[in-house]
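Look at the model first, then read on.

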Amino acid sequence: MRDQGQVALRLPQSISGQRRPPPVARQGAIRRLVLFHQPGSGRLIDHDCAAVRVDTVPVNFKLIPPTALPCLTSPDRQRLPKRDRRRVARRQPSKPSSQMPPMPRVTKRVVLHFPGFEPFDAEAHRLRYQRSAQQSATAWDFRSDVGPLVRTKQAAHFDVDCAGSDWQASSRIHVFDHDVLVDALSRRSLARRLAGGFASALHVAFNGGLWGYFRHAWRFGLFALFPFLLAGLMTAAALVVAFFPHWLDLSYWNLLWSVPLAALLVRQVLLPFAAKFHTLHLFADWEMAVALARLDRPDFNRWLESCVDGAREAFSENADEYLISSHSMGSSVAAHVIGLLIERHPDILAGKRVVFATLGGAILQCALMRPARALRARIGAIARAKEIFWFEVQCLTDVVNFYKTRTVTLAGHPQEKQPSIAYIRVKHMLSADRYRKIRRNFLRVHRQYVLGPDVRACFDFTLLTAGPLSAAAFASFSRTNMPVL
């Protein structure tokens, strides 16, 4: 038995190729030795971040599991060889991260769902959910029953009952669709839609939004520019045809045929081509983004107030868990609504287990604009709410998504807890043939967060909103840690 005052290690040649000093024996007070195990390598990393092999077990010895590797500080990680720094970085968690709450089984859930910017009313969303639930039930081998839509004065909801071999769960899903706003923006004349879209683009550019997009998520920046560049090219093509006689020094009488020809080109060729890329729909999307940032449109503000009333009504129901799910533009709406609710009723969440899941969230689409002070303040209020566990679901191949960004920090609250991030891949949720058909349609890929899967995957919208597992559990699922029903 080794003397209690000695710690002896045999230190072979280190990873970097430099030989460590010979073993030493320390007399007197025991120095605590903390070792981090690297699976599969046969190496351990000591508290000085040197790779060592322990041939004799020290007396005062503590073996740290692999999950503790992230507790290495940044300066310590820099002293590791590059290969080992990469291993540690892969295990580094979001900093600071929300603490994962306990996750018992759920039998009764209330869901507040804020869909993205789509021309769908609540019934259309219910029908799509019903189709997706059937796909999930087939993939995961359970039964699902989606009830009819029930409209109230404040919002609309429907009930979902799911059951497996040894579990059952019921959810009431409140849908806060903004179809009335989408319809109002889309029913205007072509000239007004184009003018409104370009005005919104200028507002985004001159108020810091565009710079923020390219700085923090360059692919979203390209997505923001795409509809306006396409519309600009189409406008230039129409003008070239309309004024072609003038450039050839022909008589102005020739404009009588060139201008109608340009109009025909726009109507029969350019607009159908733009419709394939949802150009005018994206123009309306940017108008709504600016309205949510500035809060200067009475119709939008009245609609937000009605959503706050509906959310208060939903939180008054009894449930094991309350899930706030939002998709795309709906994440900005959810932040406004839940933030307002917390401001006006600070105790409304007391004693409740609340999960906030942003799916392909685009809160920063609005929050990065300078006038969005109210939105940024409400993001901070949600981050400070101790009852809320917030996580984001992000995907590399989704360009309408602020991939690997920290929403709360970029909204001006770096000291608050940050949402956890769950990374998914759309190709792992679909069959190879189906994914091949949709992978070049960026809006279709973006919608997959709320659609049904072909195969079992680490993320499933139906399981998130109506399954027996706590919604918070989906923050930690991966291809190597799949949901277990």
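Contact here means heavy atoms within 4.5 Å. The model is predicted.

## Helix H5: length

Helix H5 covers residues 190-206, which makes 17 residues. At 1.5 Å a residue, H5 should span 24 Å.

Which residues of H5 are buried? They are Arg193, Gly196, Gly197, Ser200, His203 and Val204. Viewed down the axis of H5, these buried residues fall within an arc of 120°, so they line one face of the helix. An α-helix has 3.6 residues a turn, so residues three or four places apart point the same way.

Ala191, Leu202 and Phe206 are exposed, on the face of H5 turned away from its buried side.

## After H5: Gly208 and Arg370

Gly208 follows H5 and has a positive phi, near 85°. Arg370 lies 162 residues from Gly208 in sequence, yet their C-alpha atoms are 6.3 Å apart in space.

Arg370 sits in the loop between helix H13 (363-367) and helix H14 (373-384). Is Arg370 buried or partly exposed? Its relative accessible area is 48%, so Arg370 counts as partly exposed. Setting aside neighbours within four places in sequence, Arg370 is in contact with Phe206, Asn207, Gly208 and Arg376. With Phe206, the side chain of Arg370 reaches the backbone oxygen at 2.7 Å.

Note on methods: Residues numbered from 1 in each chain as written. Predicted model: local features only at pLDDT ≥ 70, side-chain atom pairs only at ≥ 80, totals over all residues. Heavy atoms only, no water. Helix = DSSP H or I, 4+ residues; strand = E, 2+ residues; numbered from the N terminus. Expected span 1.5 Å × (residues − 1). Buried < 20%, exposed > 50% of the residue type's maximum accessible area, 1.4 Å probe, protein only. Arc of directions from axis to C-beta. Polar contact = N/O pair within 3.5 Å; in protein donor to acceptor, adjacent residues only side chain to side chain.
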